[in-house]
Amino acid sequence: NFKLICFLLFTSAILAQTQVQKPFIEVTGTAEIEIVPNEIYLDISIKERTEKGKKLTIDYLENQLKSVLKKIGIAEENLSISDVNAVLAKTSWWSEEILSIANYTLKVNGADKLKLLFENFKKMKISDVNITKATHSNIINIKKENRIKAIQLAKEKADYLLSAIGEQTGKPFVINEL
């Protein structure tokens, strides 16, 4: 019995050593695509104020903003109100008044319209504007194209590295995307 057990252990150890590992090469491919955003999101804050003794209300300032958007060619649907507040502000030496503040989110399509918009913000005395997001409407397909380009570059790299030692690539058995 002891001889049989030793023989089985010895045989399984030899079989384990004779398993053939497939030769492999591991390469990394990277690709970059530079894109110009065509969807830019802004946070805009409009504050009521008094100019030359006349109170400029939120409604008045909002209508002014909407007419600028129309003139530039930005759809009014791209403008949405996100918040409204009020503050107690000193309007003269002896008087205080409650002034409203409205915050808006605006989607702008293209840098050319954005430039025109900022020029008009200056004329309208709107200074509290922040770009919150810049993206592309076709970002999913752009990312797919970039991944394809990266894997093609990885294959090209593997081909020229293996050709240096007289080998060639075969079917891939593992592809990892990081």
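1. Lys 125 sits in the loop between α3 (111-124) and β6 (128-135). Helices here are DSSP runs of H or I with at least four residues, strands are E runs of at least two, and both are numbered from the N terminus. Phi of Lys 125 is near 60°, a positive value in a residue other than glycine. Lys 125 is exposed, at 56% relative accessible area (exposed is over 50%, buried under 20%, partly exposed in between; 1.4 Å probe, protein chains only).

2. The model is predicted; local features need pLDDT of at least 70 and side-chain atom pairs pLDDT 80 or more, while totals for chains, interfaces and linings use all residues. Residues are numbered from 1 along each chain as its sequence is written, and side-chain values use heavy atoms, without hydrogens and water.

3. pLDDT is the predictor's confidence in each residue, from 0 to 100. The chain averages 83, and 85% of residues score at least 70.

4. Leu 42 belongs to strand β1 (residues 39-47). Leu 42 is buried, with 0% relative accessibility. Its contacts (heavy atoms within 4.5 Å) include Tyr 104, Leu 114, Phe 118 and Ile 131, leaving aside residues up to four places away in sequence. Thr 105 is 63 residues from Leu 42 in sequence, yet their C-alpha atoms are 5.6 Å apart.

5. The chain has 4 helices and 6 strands, in the order α-β-β-β-α-β-β-α-β-α from the N terminus. Of its 178 residues, 23% are buried. Among contacts with a separation of 6 or more, 70% join residues 24 or more positions apart.
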